[in-house]
Amino acid sequence: MFCSNCGKQLEDGDKVCGFCGKQAVHTVANENTIRNVSVENTANTNELDEPSTGINVLCFFIPIIGLTLYFAWKNMYPKKAITALKVALIGFLTWTVLSVVLRLSIDFIVYWMISNM
Ligand SMILES: [Zn+2]
């Protein structure tokens with residue numbers, strides 16, 4: 001049987017859920033309801049688990065948001081979490097490369113100016 005509160009599987013003899021502490025209710029009807037609810041929840045989760053362009057753009061420009069979202073979402077929305085992490089990683093690499101290129105250009109310009117004074 002399953003806990004009516006958190007849905008975790010319980011031993012048939014359990015009086016109280018070992019996961020959330022709620023009193024266990026031993027009825028077949030209850031079990032079926034819980035199974036249906038968890039099936040519905042899975043459907044809802046999958047529907048919500050679609051990467052959104054706005055979030056991805058945000059993750060690209062501010063990679064730390066992508067990293068945060070990955071840890072916040074990885075259990076509930078695995079697809080969205082992985083996408084956010086990937087975009088954050090691409091964004092992070094892009095900004096790292098850009099800042100190195102920018103830094104080298106400034107160094108080069110400064111060097112060029114000094115050597116031409
Ligand atoms: Zn429980």
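Reply: H2 and H4 pack with their axes 7 Å apart, at an angle of about 35°. Here axes are lines fitted to C-alpha atoms, for helices over the stretch in contact, and angles run from 0 to 180 degrees between N-to-C directions. Helices (H or I, at least four residues) and strands (E, at least two) are DSSP runs, numbered from the N terminus. This is a predicted model, in which local features need pLDDT of at least 70 and side-chain atom pairs count only at pLDDT 80 or more, while totals for chains, interfaces and linings use all residues. Residues are numbered from 1 along each chain as its sequence is written.

Me: Which handedness does the crossing of H2 and H4 have?

Reply: A crossing is left-handed if the near helix is turned anticlockwise from the far one by less than a right angle, and right-handed if clockwise. H2 passes H4 in a right-handed crossing. On the H2 side the contact is made by Ile 55, Asn 56, Cys 59, Phe 60 and Phe 61, and on the H4 side by Thr 83, Ala 84, Val 87, Ala 88, Ile 90 and Gly 91. Two residues are in contact if their C-beta atoms, placed from the backbone, lie within 7 Å.

Me: How many nonpolar, polar and charged residues does the contact of H2 with H4 have?

Reply: Ala, Val, Leu, Ile, Met, Phe, Trp, Tyr, Cys and Pro count as nonpolar, Asp, Glu, Lys and Arg as charged, and the others, Gly among them, as polar. The contact of H2 with H4 has 8 nonpolar, 3 polar and no charged residues.

Me: Which residues form the largest nonpolar core?

Reply: In soluble globular proteins, nonpolar side chains tend to be buried together. A nonpolar core is a set of buried Ala, Val, Leu, Ile, Met, Phe, Trp, Tyr and Cys residues joined through C-beta atoms within 7 Å. A residue is buried if 20 or more other C-beta atoms lie within 10 Å of its own, exposed if 12 or fewer, and partly exposed in between, with C-beta atoms placed from the backbone. The largest core here has 9 residues: Cys 59, Phe 60, Leu 69, Tyr 70, Trp 73, Ala 81, Ala 84, Val 87 and Ala 88. Helices H2 (53-61), H3 (63-73) and H4 (78-115) each give two or more residues to this core. H4 provides the largest share, 4 residues. Ala 88 touches Cys 59, Pro 63, Gly 66 and Leu 67, leaving aside residues up to four places away in sequence.

Me: Is Asp 12 buried or exposed?

Reply: Asp 12 counts as exposed because it has 7 C-beta neighbours inside 10 Å. Asp 12 is found in the segment before helix H1 (28-48).
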